Amino acid sequence: MKIFITGFNGFLGKSLRTQLSKECEIISLVREKNQIKSVANILEVKGDLKNPKDWIGVVKDFSPDYCVNLAWDGLPDYSLKKCSENIKQHLDLLEILVEISIKKIVV
């Protein structure tokens, strides 16, 4: 099973990492590479949800079956402005996932 994960270095992502990395091939969208210590089946792609042009090609080539979207920019800023920015980025992400025919999405 191939999984595309955003927010993999965050609070929830770190917990998920140990479970999924045992059984799945993973591509993770990260702001800084080399944050995951030598796990062979995890590919890190540098980028963020603001700039999908930087990573969409690599994710398409990976051809994931599932997406787990745990990203949320700017925590602990819960202002209306920051939440609105995040929601727009996540809607754009959903459009991309539909375009590349992801089977299941967990948000």
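**Entry 1. Conventions.** I take helices (H or I, at least four residues) and strands (E, at least two) as DSSP runs, numbered from the N terminus. The model is predicted, so I note that local features need pLDDT of at least 70 and side-chain atom pairs count only at pLDDT 80 or more, whereas totals for chains, interfaces and linings use all residues. Residues are numbered from 1 along each chain as its sequence is written, and side-chain values use heavy atoms, with hydrogens and water left out.

**Entry 2. Nonpolar patch.** A patch is made of residues with over 30% relative accessible area and no salt bridge; like charges are joined within 9 Å, and nonpolar side chains (Val, Leu, Ile, Met, Phe, Trp, Tyr) within 5 Å. A salt bridge is a side-chain nitrogen of Lys or Arg within 4 Å of a carboxyl oxygen of Asp or Glu. Accessible areas come from the Shrake-Rupley method with a 1.4 Å probe, and for residues only the protein chains shown count as cover.

I find a nonpolar patch of about 790 Å², made by Trp72, Leu75, Tyr78, Ile87, Leu91, Leu94, Ile105 and Val107. Helix α3 (residues 80-99) gives the largest share of this patch, three residues. I place Trp72 in the loop between β4 (66-69) and α3. For burial I use these classes: buried is under 20% relative accessible area, exposed is over 50%, and partly exposed lies in between (1.4 Å probe, protein chains only). Trp72 is partly exposed because its relative accessible area is 32%.

**Entry 3. Backbone.** I note a cis peptide bond between Leu75 and Pro76, with omega about 10°. Pro76 lies in the loop between β4 and α3, and Leu75 is among the residues of the nonpolar patch.

Ser63 has a phi of about 55° and sits in the loop between α2 (56-62) and β4. Ser63 counts as partly exposed because its relative accessibility is 45%. Ser101 has a positive phi of about 60° and sits in the loop between α3 and β5 (104-106). Ser101 counts as exposed because its relative accessibility is 55%.

**Entry 4. Cysteines.** How many disulfides are there, if a disulfide is a pair of cysteine sulfur atoms within 2.5 Å? I count zero. Cys24 is in no disulfide, and its nearest cysteine sulfur, that of Cys67, is 13 Å away. Cys67 is likewise in no disulfide. Cys24 counts as buried because its relative accessibility is 6%. Cys67 is buried, with a relative accessible area of 1%.

Notes
Disulfide = S-S within 2.5 Å.
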